[in-house]
Every structure is written in structure tokens, then in C-alpha cells.
Amino acid sequence: MTLERPIPQDARAERVVYNTTAPVLLDTASSEQRAERQRVMGELASDVVHDINNLLAAVEAISRLLDMHIEDDNLGALVRRLSRSANTGRIMTRRLLDYVHDDGNGCEPVDLAEIVEGELELLDHIVSRQITLKIDTQDSDTKVMVDPIRVRSALFNMVANARDAIKGAGEITIRQYVVPAVGDQPMCQVLVVADTGCGMSPEVLERVGQRYFTTKGRGKGSGLGVSSVIGLAEDVGGHVEIESTEGKGTRVRLVIPCI
């Protein structure tokens, strides 16, 4: 499936790159502080996840009730979409703690192209009307072993970050393609989200994978979006690459080995 062309790459000399395959050295005090914050976040998630799930259950139940009494086909389709989204949200809240200490129980054979194409309507609602959303997926028989709920969460996080980086009009391109095996490197599926936003400085890019790090300001970002994408990749033997140029945009590549 292809909708318009992908965003062309900028000159390599102008880009700075973050790659999760490279070692990251942290001082002991910083590591201990992050571990403590992670523990506190886990406890907080444990306290609120049931309440969030109950709220989403109410939304799902009400939307199904509305669907039984709506005669307008277009409005009915929107209500059914609301019900499906609420159900997905309930699944995500039930797995909230697994994002911190995932045991792999939710993994199954998945085609990343099917994930992207199945969420087009919701992705279109995530971005603003001033932003052009372009999709480019590759037909193949390959699969990756991964939790589809976590993949959807990663996709939404990457697209939301791309949206927030664009002030006014711009473009976001979502690409999925297969990279053949080369030498010791296995065949992989790659999910890319590229934007024409503000980009990142080398100093920001160096910290972008850290949990709780955000440039969005208080109350606007948790600092967990990129780190959750990286966590997903590492849990399934993949990696994340981030390329960014200040004033031109950012490209995030999620690479996952095929089964």
C-alpha cells in the first residue's frame, strides 16, 4: 500500500544520529535515581490502571448502546470506531505495568504493515488538519514476533511526537518496509516515522532516549514516549535509530528482526 511518496532524506552532513545499538554510559547516581523513579511510576500505574480501565469500559458500553439507536450510517460508523478505540485502550491499560517489566506473554506473529494500515483512521485524527499524513507500506510474507498492542502504542507515540514537532503546516510520513538479511544481520521489518518539524540539536538527541526526558514543558509530555519505543525494540532483539536536523525534521526508525 502506498499513499504518496516518502519524505526525502536530508544531506548526511547536516544530520545527527541516535542509535540504541551504541553503548550508553550513565553515572551510578543517575542510574539509581532513574531506577527509583521507575519504581515510583510502577506503583503509581498500579494505583490508577483500574480506574482508567473502568472509565474506558463505560465509554465502550455507552458507545455500543448508542450504536443500537443510531440510524445515520456515518454517525454509526464513528460510534463503532469509538467503541473499538475504547476497547483497545482497555487492553493497553491492562498491560500498562508490562511496559515496565514485560514478560513477552503478549507476543505473536505480526506484520507491521497491517498494524499501520489498520490504524489509518485513528492516526489521521491524531495529526492536525494542517499536517499532511503520508503512508508507504510494503507487501510481504514476513512477520515479526512482538506484542501488537505495544507496536500500536509505539506508533502512536512516534506520530504524536512528530505532530508536536511541527508548528503550523508540515508533513509526517509513516513507512514500513523489509530489509533482507545481510551477513550476520537477520531479515528485519522497519517502521519509520519522519516529520518536517523543528528537529533536535545534538544535545537534545543525546538525551532523547532517557526515561522522563522531555522538551515539551511541564504537563505537556511525560518523557516516556521515545523510551517506550526503545524498550519495545530491545525486548524483541531490535533497535531504534533517530536522525534529526535542526529546522528540517526528524526520522525515527524502529527495526525488528523477522521470524
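Me: What should I know before I start?
Reply: This is a predicted model: local features need pLDDT of at least 70, side-chain atom pairs count only at pLDDT 80 or more, and totals for chains, interfaces and linings use all residues. Residues are numbered from 1 along each chain as its sequence is written, and side-chain values use heavy atoms, leaving out hydrogens and water.

Me: How many helices and strands are in the chain?
Reply: The chain has 7 helices and 9 strands. These are DSSP runs, numbered from the N terminus: helices are H or I with at least four residues, strands are E with at least two.

Me: And how much of the chain is buried?
Reply: Of the 259 residues, 42% are buried. Buried means under 20% relative accessible area, exposed means over 50%, and partly exposed is in between (1.4 Å probe, protein chains only).

Me: What comes after H7?
Reply: Gly-237 follows H7, and its phi is positive, near 80°.

Me: How do H5 and H7 cross?
Reply: H5 is residues 148–165; its axis comes within 9 Å of the H7 axis, and they cross at roughly 145°. The axes are lines fitted to C-alpha atoms, for helices over the stretch in contact, with angles from 0 to 180 degrees between N-to-C directions.

Me: Which residues meet there?
Reply: From H5, they include Arg-150, Val-151 and Met-158; from H7, they include Val-226, Ser-228 and Asp-235. Contact means heavy atoms within 4.5 Å.

Me: Is Ser-228 buried or partly exposed?
Reply: Ser-228 is partly exposed, with a relative accessible area of 24%.

Me: What does Ser-228 touch?
Reply: Ser-228 touches Arg-150 and Asn-157, not counting residues up to four places away in sequence.

Me: New topic. How many disulfides are there?
Reply: The count is 0. A disulfide here is a pair of cysteine sulfur atoms within 2.5 Å.

Me: Are Cys-258 and Cys-198 buried or partly exposed?
Reply: Cys-258 is buried, at 17% relative accessible area. Cys-198 is partly exposed, at 42% relative accessibility.
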